[in-house]
Amino acid sequence: YGLQKKKDLASSKDAINLCLEPQRPFFEFLDAISITPAAPSVKGLPKEICYDHIIEIGESKVRVLCVNSAWCSRLKEVPGTLIYPTEALSFEDLSHADATLVMLHHPYQWFDPTVVRSLRHIIEGVASVVLTGHEHVPGRHSQTREIGETVEFIEGGALAEHGHSQTSEFNVLLLDLKTLQQKLIHLAWIGNAYDIRPSSGPSPDWRPFQGAQQRSARTLRFTP
């Protein structure tokens, strides 16, 4: 696609609905198991593009924003080609949540350069932690923005690797919302059970993360 065709596709409700068709069974399953329905975080487009859940734990709240980067995904994907309707995202004030996690299947490098800057600005403006995958290579790094906000990026491995039946791994992220500490545990199938992945070390350490009160409280709205 040329640049204009990509913009037209990313802003077309009919085109997005068509691309979302293969994901319908997943969203039906999600609705069936969810205690409360997902709230849309996008204006004028299907809610499956971006939605969020509030998880209440005692007096604490965690907000999970799900950014559906796979709506235009395809086989034999090429880095730098994914598009996303960033101009329609509307994240209301998130200060009522103790922490905000963003789930984004594709890391930034898979997005078209024309959208990746605005996507980063939106996500990193609200997220304490960003969870990604797609590349099946676990990893972790932190990034500090110019205004002092720190975002933790955690990449997951493959729970079921195609063609490698003995390869299975996943992450467990523990958050202490009172002390604002986090611990990441990487588990992998070793022998006949899941165990801590050797490269993770015998005892993953607690480390700080920025909660909502430590981040700049503001409303982000991106409209056409």
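Me: How many helices and strands does the protein chain have?

Reply: The protein chain comes to 4 helices and 13 strands. Helices (H or I, at least four residues) and strands (E, at least two) are DSSP runs, numbered from the N terminus. Before we go on: this is a predicted model, in which local features need pLDDT of at least 70 and side-chain atom pairs count only at pLDDT 80 or more, while totals for chains, interfaces and linings use all residues. Residues are numbered from 1 along each chain as its sequence is written, and side-chain values use heavy atoms, leaving out hydrogens and water.

Me: What makes R24 and E48 a salt bridge?

Reply: The rule asks for a side-chain nitrogen of Lys or Arg within 4 Å of a carboxyl oxygen of Asp or Glu. In R24 and E48 the closest N and O atoms are 3.3 Å apart, so the pair qualifies. This pair links distant parts of the chain, 24 residues apart: R24 is in helix 3 (residues 24-33), and E48 is in the loop between strand 1 (39-40) and strand 2 (50-57). R24 and E48 also belong to a network of salt bridges with E21. By this rule the count comes to 6 salt bridges.

Me: Why is E48 called buried?

Reply: Buried means under 20% relative accessible area, exposed over 50%, and partly exposed in between (1.4 Å probe, protein chains only). E48 has a relative accessible area of 15%, so it is buried. Across the protein chain, buried residues make up 42% of the 224 residues.

Me: Which labels do E124 and R120 get?

Reply: E124 has a relative accessible area of 4%, so it is buried. R120 has 33%, so it is partly exposed. These two residues form a salt bridge, with the closest N and O atoms 3.5 Å apart. Both lie in helix 4 (residues 113-124), 4 residues apart, about one turn of the helix.

Me: How do you know that E152 and R140 form a salt bridge?

Reply: Their closest N and O atoms are 2.7 Å apart, so the pair meets the cut-off. It links distant parts of the chain, with E152 in strand 8 (residues 150-155) and R140 in strand 7 (residues 139-144), 12 residues apart. At 3% relative accessibility E152 counts as buried, whereas R140, at 28%, counts as partly exposed.

Me: Which classes of residue line the largest pocket?

Reply: The lining has 17 nonpolar, 12 polar and 2 charged residues. Here Ala, Val, Leu, Ile, Met, Phe, Trp, Tyr, Cys and Pro count as nonpolar, Asp, Glu, Lys and Arg as charged, and the others, Gly among them, as polar. The largest share of this lining, 5 residues, comes from strand 9.

Me: Where is confidence lowest in the protein chain?

Reply: Confidence is given as pLDDT, the predictor's score for each residue, from 0 to 100. The lowest mean, 47, belongs to strand 13 (residues 220-221), and the highest, 95, to strand 6 (residues 129-132). Over residues 217-222 the pLDDT is below 50, yet beyond near neighbours in sequence this stretch has 24 contacts in the model (heavy atoms within 4.5 Å). Where pLDDT is low, the predicted coordinates should not be read in detail. The protein chain averages a pLDDT of 83, and 85% of the residues score at least 70.
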